[in-house]
Every structure is written in structure tokens, then in C-alpha cells.
Amino acid sequence: MVLAAGMVAAVLVVLTRQAGEELPRSAECAVAEAGVRVDAAAVPSGPVAGYRGDQLANAAAIVNAGQALGLDTCAQTIGVMTAMGESSLRVLDRGDAVGPDSRGLFQQRDNGAWGSYADRMDPTTSATNFFRALQEVPDWHALPPTIAAHRTQRNADPYHYERYWPAAVEVVTALAGRPVTGIRP
């Protein structure tokens, strides 16, 4: 009986949703603000949430790539979280057993979807490609950040990125020079 009631509720939600209407944002991103731009010269040397130097410069490149595409602070933080989970915010010139051809901040595969080797090794270009793929995920803004990242990256574990969310919030907040309102760690 409970299962039937749940199914009826799900059908009602689907039926009452208008074409093109966005779903409510995830709790983590409910009040996301307009994207921020980071002055690369003003990136703190660190540590911020255990990241420093080149790692924070790479996070700034991710944040700026998101802002250049008109994305909000939630998307920017998802980008930083994903790169933390893939490479610890380092531009890696190696893959792993699952993806031996994976490269860069996002460990993007050499399958044509993520651009050339040079694209995957460039922080701004690889982040731009990540964000473009994120925007193709249906209702990504309504998903928990780890699921949005998973559907973009297709990681084997959909919850792999979850543990990086608090650090990503801290890093984006530090780079923005102010609290990134509405994003809960």
C-alpha cells in the first residue's frame, strides 16, 4: 500500500510538471548565487582545506571557466569538488587501471568527448569541457552534487565525490573572498 501511494505521488509530480519547468534545486545548491570570478594573482598560497599553491590556482581556473559560461556558484563548486575527487586538483599526466588514458584535472578519457590531449591537460579547457557536459545532464541542479558529478564523469561510484563537497565549498569561498551563500558544507 505504501509503495502504491509513493508511485501515485511520483506520477502526480511528473504530471504536474510543465514542459521546460525546472525542478527545485538540491538542498546543497538551493540558494546558489551568480558565478564568481577569481583574480589569479590573488589566489591564497594556502593551505585551504588542505590544498595549496598550484592546486588552488587550478581551482581558480575551474571557477573562472564556470563563470565564463555563466554558471552559478553551485556549478563552480561541483567542478572544484569533481577535480578534487579525480586528481586532488593536480594536472595529472597519467591515468589508472580503469582509465589508463585519463589525463588532467578531471581525469578525462581519450575517447573524443573531452577534446585533445592538450585540451585535457589545460585546466581552463578541461574545466570548460566538464561544465559543458554538466549542462547536458538533465536537471543537474536538482541532483545532489555528487550525483550531478557522477552523471557528468560516469565514475563507477556515484557517491565518490560526496566526501569532497565540504572542502570544495571551503576552497570556493576562500577564492571568492567571501562566503558563498546558500551552499551548505
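Axes are taken here as lines fitted to C-alpha atoms, for helices over the stretch in contact, and angles run from 0 to 180 degrees between N-to-C directions. The structure is a predicted model, in which local features need pLDDT of at least 70 and side-chain atom pairs count only at pLDDT 80 or more, whereas totals for chains, interfaces and linings use all residues. Residues are numbered from 1 along each chain as its sequence is written, and side-chain values use heavy atoms, with hydrogens and water left out.

The secondary structure comprises seven helices and zero strands, where helices (H or I, at least four residues) and strands (E, at least two) are DSSP runs numbered from the N terminus; the order along the sequence is accordingly written α-α-α-α-α-α-α. Of the 185 residues in the chain, 43% are buried, a term that denotes under 20% relative accessible area, with exposed meaning over 50% and partly exposed in between (1.4 Å probe, protein chains only). Among the contacts (heavy atoms within 4.5 Å) with a separation of 6 or more, 58% join residues 24 or more positions apart.

In soluble globular proteins, nonpolar side chains tend to be buried together. Isoleucine 78, when its neighbours within four places in sequence are left aside, is in contact with Phe130, Leu134, Trp140, Pro145, Ala148, Ala149 and Trp165.

Helix 5 and helix 6 pack with their axes 9 Å apart and at an angle of about 105°, and are therefore roughly perpendicular to each other, given that angles under 35 degrees count as roughly parallel, over 145 as roughly antiparallel, 65 to 115 as roughly perpendicular and the rest as oblique. In this pair, Phe130, Ala133 and Leu134 of helix 5 meet Ala148, Thr152 and Gln153 of helix 6. The residues of this contact divide into four nonpolar, two polar and no charged, with Ala, Val, Leu, Ile, Met, Phe, Trp, Tyr, Cys and Pro counted as nonpolar, Asp, Glu, Lys and Arg as charged, and the others, Gly among them, as polar.

For helix 3 and helix 6, the axes come within 10 Å and cross at roughly 65°. The contact brings Ile78, Met81, Thr82 and Glu86 of helix 3 to Pro145, Thr146, Ala148, Ala149 and Gln153 of helix 6, and its residues divide into five nonpolar, three polar and one charged.

Threonine 146, which lies in helix 6, is buried, with a relative accessible area of 4%. Beyond its neighbours within four places in sequence, threonine 146 is in contact with Met81, Pro158, Tyr159, His160, Tyr161 and Glu162; its C-alpha atom is separated by 7.0 Å from that of histidine 160, 14 residues apart along the chain. Glutamine 76, placed in helix 3, is likewise buried, with a relative accessible area of 0%, and its contacts outside four places in sequence include Gly35, Ile62, Phe131 and Val172. Glycine 115, in the loop between helix 3 and helix 4 (117–121), is partly exposed, with a relative accessible area of 24%.
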